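Thank you all for coming; I would like to walk you through one structure, slowly, and define the terms as we go. Please have a look at it before I start.

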Amino acid sequence: MNFNLKIATLVLVSTVYTFGQTKVSSSSGQAQVYSLRECVDYALKNNLSMQQSQVSVESGMVTLDQAKMAKYPTANGQFNLNGNAGRNVDPFTNGIVTQTIGTNNLGVGLSMPIYDGFRNRNTVERARLTLEALQMDVNTMKNNVSLQVALAYLNALSTEDLIEVAQKQLDVTNFQFERMEKLVRAGTMPETNLFDLEAQRANDELSLLNAKNNHEAALLTLKQAMNAPADLVLKAERINVPDPNILQYGETANQVYENALGYLPEIKAGEIRMRVADRNIAIAKSLGLPTLSASTSWGTAYSSVAPIPVSAEFQGQTIPFVINFPQTTYTSEGINYFKQLGNNQNLNLGVSLRIPIFNGYNQKYQTQAATIQKKQTDLQNKSTKLQIKQNIDQAYITMLNAQKRYSATQTQVNALEKSFKAIETRYNAGANNFMDYNLAKTNLDRAKSNLVVAKYDYIFRIKVLDFYQNKPLEF
């Protein structure tokens, strides 16, 4: 889809329409009138691509929260319960014993990063920028979704205007038929004139039927753009669109482009992703920097064969020693569970410094990969800007051509109306045959239909250029 058409969306959405709740068709099948704002709101709520884009934003928010939490200490607890039978190592004396031993270890460890080469800070900033870019992508997606609705909405209005033109054509033929019927009855005109007009009326009725069918097809396209059910009975609210004034556009194509650079979400998203690329390079470089962390832990243990400490007096001194009872089962006469946990506590404090020496050139290659990614992002941004510039240039030329076409069509309609009135007068007086009359009417009818199309096309092109500049437009 041409990008310049994409821009019409918010122009038409952000002007004269009032916000409203999503409507549903009544049980009687009566058409509900939808404004463009309501159609767009309905589409944004139900479009699957829009929902996927919003889910991406939610994922980005989770990634950002996760990166923020990485700077906090990590704490882990442990609880081990083991039983060993047969020949074992006494955990208290490290001696070999042949008996059943039950052990229990528990503790808590805490580790906290102090310095990591600013890796975590850059990771948080990268996640924040990525989230911001995703939000810009949502705005771009809103434009894409709204564009489809706006184009379908305008097409529905245009086909509705063509129904009015076809109806007026039929009214003119019916009026002429009734008049000719009276003249034929009076004997002043041949009956062949009445047959000719009857054939013309059949053609006009077919044209009206085709116009109505085209309008129904346009409404179906609108409902599909809204992702609404096909059986939803709706009617596009009329927009008070005045005849466009044939005036020179206020800005040049270059001025429109400069204004667009500061407005379009695609441009902003590209600029943000360049900053993301810078963070990726900084993170890759940090792999070669030292890291410093602090840790602490507390633990204690229990054993079913814990020795019972005793002491004796010798030459006025107290000498501690232990007695290991060669029993195979634990009894309450030994050291109880909670007393052992209290006696066996230990506390550890430490600081760890990690200095990278050689890591298989991991830092080098990751830095190179991040640098290449930045170049790719830069080229993508340049490509996007070039495409926008080309679209604006094309839209500007198309607007000028539409201006000329509307002006020429308006002049043609005015001239054909005068010609048709003159031929109709001569035809009613019998001075012109039906072929001349029919040719003049056909040319006028075609010109009026072309004028409707040219009117919407010209206004649409103006709105495209105005939207590039984020102008608050009104009809």
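Let me begin with a definition: two strands pair if DSSP finds at least two bridges between them, where strands (E, at least two residues) and helices (H or I, at least four residues) are DSSP runs numbered from the N terminus. This is a predicted model, in which local features need pLDDT of at least 70 and side-chain atom pairs count only at pLDDT 80 or more, while totals for chains, interfaces and linings use all residues. Residues are numbered from 1 along each chain as its sequence is written, and side-chain values use heavy atoms, with hydrogens and water left out.

With that in place, strand β5, residues 101–115, pairs with strand β7, residues 291–303, in the antiparallel sense over 12 bridges, and Gly107 stands opposite Gly299 in β7. Both strands belong to an open sheet of 4 strands, ordered β2-β5-β7-β10 with antiparallel pairing. At its edges stand β2 (74–84) and β10 (346–354), each with a single partner strand, so one side of each has no neighbour in the sheet.

Turning to the aromatic rings, the structure holds 7 aromatic pairs, meaning rings of Phe, Tyr and Trp (its six-membered ring) whose centres lie within 6.5 Å, with planes under 30 degrees apart called stacked, over 60 edge-to-face and the rest tilted. One of them, Tyr406 with Tyr458, is stacked, at 6.1 Å centre to centre and 15° between the planes. Tyr406 lies in helix α10 (residues 362–428) and Tyr458 in helix α11 (residues 434–468), so this pair ties together parts 52 residues apart in sequence.
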